[in-house]
Each structure stands twice: as structure tokens, then as C-alpha cells.
Amino acid sequence: MNWFSIGIVSLLTGIMASLGLGGGMILTLYLCFFADIPQLFAQGTNLLFFLPIAALSLIIHSKNHLVEWKKVFPLIITGAFSAVIFSFWATIINKVILKKAFGGFLILMGIKEICTKVGKTKSERSEPSRK
Amino acid sequence: MIAVPILEKSGLEQKKAHATSIAVTSILSLISVIIYIFKGGLKISYALPYIPMGLVGAAAGGFILKKIPDKKLKKFFGFVMIFSGIKLIAG
């Protein structure tokens with residue numbers, strides 16, 4: 001085991017995960033190509049790794065008043081429902097096509113994130129402008 | 001990658017969208033872990049070596065998220081999405 005590379009990969013993945021940027025790709029790629037772990041186990045390991053990292057991140061972010069817990073539950077329901085839909089699509093549409101389509105979607109969303117300005121929050125939008 | 005834009009659209013500022021998305025994805029990840037356990041695709045020993053420095057990263061991320069300007073976070077997130085998209089298309 002190369003503890004130095006394990007340390008670097010875990011640190012980077014932890015930072016990315018805590019920033020809400022994902023980061024799982026870094027760890028999964030490392031597990032598959034350098035740690036010689038089969039892909040199914042690499043994906044499971046990535047998910048398992050995320051749980052304590054997410055727990056600590058949420059404790060810190062909650063203390064900093066950055067987590068809106070009211071928004072969490074509806075999004076979990078939507079997320080779970082979407083996962084069921086996509087799992088169904090994956091059985092009837094070629095997985096490679098689905099993967100590439102999602103990749104294209106992410107690229108478009110990424111360009112949108114870079115090109116659009118930081119938006120106003122709902123409360124800022126509803127406040128009358130003072131002149 | 002999906003939760004953050006949805007939360008932004010719902011009116012959350014950038015940092016709150018990122019922080020709140022972790023709560024959503026952690027619960028969905030927990031459900032996935034349970035499914036993996038039933039399918040026999042999980043070995044806890046594989047994850048253990050990565051957790052200590054991962055927790056250090058989580059603490060660092062917690063500090064960074066509080067300090068980083070929304071604009072920088074938004075752009076960095078955009079680049080991460082583009083990179084992820086390219087990776088999915090390239091295979």
C-alpha cells in the first residue's frame with residue numbers, strides 16, 4: 001500500500017466532497033487503476049467512504065449555518081424517484097448512449113454555471129430595491 | 001452535480017446549495033450502500049485506509065466553503081462538471 005498516494009487521494013476527495021463538488025471520481029479512478037479493486041467494489045467503497053466525510057462536513061456546515069434542512073427531504077424524494085426512472089431507462093437504452101448523453105448534459109450545465117452570474121436568493125429578489 | 005443547480009434554482013445562495021446538497025447525497029448514498037451490502041459488492045476494509053485523511057479533507061473543505069467567494073465556487077463547480085462530462089463521454 002502506498003500510504004502517501006492514499007493520503008493525497010483521500011485528502012483531495014474529502015475536500016471536494018465537503019465543498020459539494022462530488023470528488024468521488026478521483027477516488028473511484030484511483031481504486032480501479034492504482035489500488036487494483038474491481039469497479040463494482042470501487043463504486044461501493046467510494047459510497048462508503050463518503051458517509052463519514054459527509055457526516056463531518058454537515059456538522060461543520062450546520063455550525064456555519066450553511067445547510068437548509070427544509071430543502072433536503074423533498075430533494076431526497078425526487079432523487080430516489082429519479083434513480084428508479086434512470087435504472088429503468090438503463091435496462092432499455094444502451095448504457096453507453098445513456099452515459100454519453102449524461103456527459104453531454106453535464107458539460108452544458110457546467111458551461112451554464114461558468115457563464116451565468118451568481119444569482120440573487122429568493123429573499124433578495126422579493127425585497128424592494130432602495131433608491 | 002444535479003442537486004446543486006436544483007437547490008440554486010430554488011433560491012439558495014451558492015454556498016448553501018453546495019452544503020445542503022451534501023445532506024441530500026449522503027442519504028441517497030446510505031441507501032445505495034445498503035443495496036450494495038445486499039448485492040455483496042462492498043468490503044469495508046477497502047474503504048478504511050482512505051477515511052482518516054478523508055476526514056481531514058472534510059474539515060478543510062468545511063473551512064474553505066465558509067471563506068470562498070460564491071463567484072469562485074460557481075466557476076470551479078462549472079469546470080468540475082465539464083471535466084466530469086468529458087470523462088463520461090470519453091469513457
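These legends describe close-up views of a predicted model.

**View 1. Crossing of helices H1 and H3 in chain A.** Helix H1 of chain A spans residues 3-18, and helix H3 of chain A spans residues 39-63. Their axes come within 9 Å and cross at roughly 50°. The crossing of H1(A) past H3(A) is right-handed.

**View 2. Residues in the contact of H1(A) with H3(A).** H1(A) contributes A:Ser10, A:Thr13, A:Gly14, A:Ala17 and A:Ser18. From H3(A) come A:Phe49, A:Phe50, A:Ile53, A:Ser57 and A:His61.

**View 3. Contact between chain B and chain A.** Chain B supplies 72 residues to the contact, and chain A supplies 70 residues. About 6300 Å² is buried between the two chains, and carbon and sulfur atoms give 79% of this area. On the chain B side, B:Ile22, B:Tyr50 and B:Leu88 lose the most area to chain A. Together these three residues account for 12% of what that side buries.

**View 4. B:Phe63 in helix H4 of chain B.** B:Phe63 lies in helix H4, which covers residues 51-67 of chain B. The relative accessible area of B:Phe63 is 55%, so this residue counts as exposed, the cut-off being over 50%. B:Ile89 is 26 residues apart from B:Phe63 along the chain, and the C-alpha atoms of the two are separated by 33 Å.

Note on methods. Residues are numbered from 1 along each chain as its sequence is written. Chains are lettered from A and ligands numbered from 1 in the order in which they are written. This is a predicted model: local features need pLDDT of at least 70, side-chain atom pairs count only at pLDDT 80 or more; totals for chains, interfaces and linings use all residues. Side-chain values use heavy atoms; hydrogens and water are left out. Axes are lines fitted to C-alpha atoms, for helices over the stretch in contact, and angles run from 0 to 180 degrees between N-to-C directions. Helices (H or I, at least four residues) and strands (E, at least two) are DSSP runs, numbered from the N terminus. A crossing is left-handed if the near helix is turned anticlockwise from the far one by less than a right angle, and right-handed if clockwise. Contact means heavy atoms within 4.5 Å. Buried means under 20% relative accessible area, exposed over 50%, partly exposed in between (1.4 Å probe, protein chains only). Buried area is the accessible area (1.4 Å probe) that two parts lose on being put together, summed over both.
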